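User: Hi! Could you walk me through a few spots in this one?
Analyst: Happy to, let's have a look together.

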Amino acid sequence: ALCALAAYGGSGKSGGPIARDEKSLALLTLAERIAAAEIPVLLEGPTGTGKEVLARFVHNRSARARGPFVAVNCAAMPEAMLEGMLFGHRKGAFTGAGEAREGLFRAADGGTLLLDEIGELPMPLQAKLLRALQEGEVLPLGETKPIAVDVRVVAATNRHLAAEVEAGRFREDLLYRLNVFPLQIAALRDRPMDIAPLAFGMLLSHACRPARSRAGDKTGKRPGPAWLSGQALALLETHPWPGNVRELENVIRRAILLAAGM
């Protein structure tokens, strides 16, 4: 039963949000209502606060839940590669394009596309993204006719996009298109009541994952702490968590490894 709970509450791809703090519970209630609509969603919050987890929550509570959920980090690759990845390309459209690719917009057709770190998207691609949102179609590289897509876009950023607009680094019209209903995710230090349930959920999630040998074979459940003491929780709750939920998860994973060696 505990492993089943961890599978839902963990921070992995199959998990959903864990919340106890009033701010987080209010945010999830609002996110569930927004999920029922077809409007774009903008998730704003510091790095490591769980924006992708919330995006998956919106997808899973929407009418698109049976469709694909596709995520891409806009800061993780060069502009030329990102354009082909988002919108697709035909064979021979550029050097190295040995075969055609449909692109992530078409891969997410009927579902949800998460554009993480949207504030890092280069200006030329911002214009193409705006057209895709306005027209519901994409133009793959090398093609002459656009292709219709049915995609709900969820954008996530750790930047203040209004300030990026003022600085000339983000298109104002794209901001208005994305910012239909923004969801603000607070830093972990500002929602301390979430720390204990998150820590327990991560402990159960990682402790219940099968361990693997060096050859890659499953060897049974990972050894580790069975529970968190009151003293350990007190230390967790007084830490400022500059790395937010991601830092907390790293701490729990280290604790499991250290406890296994005792």
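**A few local spots**

Analyst: Let's start with Glu117, which counts as buried because its relative accessibility is 14% (buried means under 20% relative accessible area, exposed over 50%, partly exposed in between, with a 1.4 Å probe and protein chains only). This is a predicted model, where local features need pLDDT of at least 70, side-chain atom pairs count only at pLDDT 80 or more, and totals for chains, interfaces and linings use all residues. Residues are numbered from 1 along each chain as its sequence is written, and side-chain values use heavy atoms, leaving out hydrogens and water.

User: Where does Glu117 lie?
Analyst: In the loop between strand E3 (112–116) and helix H6 (123–135); helices (H or I, at least four residues) and strands (E, at least two) are DSSP runs, numbered from the N terminus. Glu117 is not a glycine, yet its phi is positive, near 55 degrees.

User: What about phi of Asn244?
Analyst: Positive as well, about 60 degrees, although Asn244 is not a glycine. Asn244 lies in helix H11 (residues 244–260) and is buried, with a relative accessible area of 2%.

User: Switching topic: is Glu164 buried or exposed?
Analyst: Buried, because its relative accessibility is 8%. Glu164 sits in helix H7 (residues 161–166).

User: And which side chain does the Glu164 side chain make a polar contact with?
Analyst: That of Arg159, at 2.9 Å. A polar contact is a pair of N or O atoms within 3.5 Å; within protein, one must be able to donate a hydrogen and the other to accept it, and residues adjacent in sequence count only if both atoms are side-chain atoms.
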